[in-house]
Amino acid sequence: MKRHVHVTAVALTVLAASAMARSAAAAVYTFEGLSAGTLAGQDNWAKSGPTYNGGLVTTGAGVNGTKVAAGSSETNSATETAVGRVNDGNWSYPLDFNDTSYALQVDTRYGGSTYWTFGYDANSNGSIAYGSGEIAGLLFVGSSVIGANVTGAWTFDSSLPATTNAGDWLRVAWVTDWTTGTYGTMSVYMKNLTDGETDFQPIAGLQGLDINGLDWGTWRANATGDASKAGLFNLVDNADAFATFGLNFNNTQFDNITVGHFVLPEPASLSLLGIGGVLLLRRRRS
Ligand SMILES: [Ca+2]
Ligand SMILES: [Ca+2]
Ligand SMILES: [Ca+2]
């Protein structure tokens, strides 16, 4: 709980500073400034198509008692939630497309099927159309499975760790590397916040996937070299009624979105920390 309070304090600080600097290094989207109720229509969030539900802003359950977003209450796949947000002065990518790598990270409460994606508002209508040429691949967390779709097919599904229980808050990271692959590669990492995990773990089967399908190429080409387009951000949460397990849609929650650089602790750094700790102990003993 102590760590949770710390994270919240940092997030609020970032929000307060966001009006001053669009290029803030760590842009965390916390939902704290929004009102309880429908998400779409608040702070530039929009439904990703007229038939979708607009999601909810609610109070988180489990280890996250802050304001969070959630899927709308739904009874079948015809009324699923899909929402996106195009960047604006309140919140945007802190990056430009000269960067060779960036990552989407999000906390998600495990209990339904949830999709995430980067996107691009190609027709400049203020929303990101889900499944019609404006999204760039999919990251999926569903029943016992985490997967990615970067080729137009779900070919890289990987089983979640057995410790992943319904109601657990997971932080997932979708890390791209634009220097390799057809249009780059992507790798997926996860840590279980409810279970107290502090380090991201690579998900087996979801490392270094060649991005060579869907709209990645078009999206990337549209955005390259144009800083204003690079600032566009889309996020899709798509809750599928037929894949729930133990929780209902109102519990398919998400929070603390960041887009930015992603640095895993290197083994060498960990070793140095270990050496430093030993030296500190020796100093204290002497
Ligand atoms: Ca929050
Ligand atoms: Ca659009
Ligand atoms: Ca667990």
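A nonpolar core, as the term is used here, is a set of buried Ala, Val, Leu, Ile, Met, Phe, Trp, Tyr and Cys residues joined through C-beta atoms within 7 Å. Buried means that 20 or more other C-beta atoms lie within 10 Å of a residue's own, with C-beta atoms placed from the backbone. What you have above is a predicted model, in which local features need pLDDT of at least 70, side-chain atom pairs count only at pLDDT 80 or more, and totals for chains, interfaces and linings use all residues. Residues are numbered from 1 along each chain as its sequence is written, while chains are lettered from A and ligands numbered from 1 in the order in which they are written.

Let's start with the core itself. The largest one has 53 residues, and L139, A148, V172, W174 and V188 have the most contacts inside it. Its top contributor is strand β12 (residues 169-177), which gives 6 residues. (Strands, E, of at least two residues and helices, H or I, of at least four are DSSP runs, numbered from the N terminus.) Zoom in on V172: skipping neighbours within four places in sequence, V172 is in contact with Q105, V106, T108, L139, V141, V188 and M190. Contact here means that the C-beta atoms of two residues, placed from the backbone, lie within 7 Å.

Now step back to the whole chain. It has 4 helices and 16 strands, and 43% of its 286 residues count as buried. Of the contacts between residues at least 6 apart in sequence, 69% join residues at least 24 apart.

Strands count as paired if DSSP finds at least two bridges between them. β7 (residues 103-109) pairs with β16 in the antiparallel sense over 5 bridges, and L104 sits opposite V259 in β16. β1 (residues 28-29) is also antiparallel to β16, over 2 bridges, with Y29 facing I257. β5 (residues 67-70) pairs with β16 in the antiparallel sense too, over 2 bridges; there A70 stands opposite Q253.

Finally, how far can you trust the coordinates? Mean pLDDT, the predictor's confidence in each residue from 0 to 100, is 71 for the protein chain, with 62% of residues at 70 or more. Residues 225-233 fall below 50, yet this stretch has 23 contacts in the model beyond near neighbours in sequence. Residues 267-281 stay under 50 as well, with 1 contact beyond four places in sequence. Where pLDDT is low, the predicted coordinates should not be read in detail.

Methods: Buried ≥ 20, exposed ≤ 12 C-beta atoms within 10 Å, placed from the backbone.
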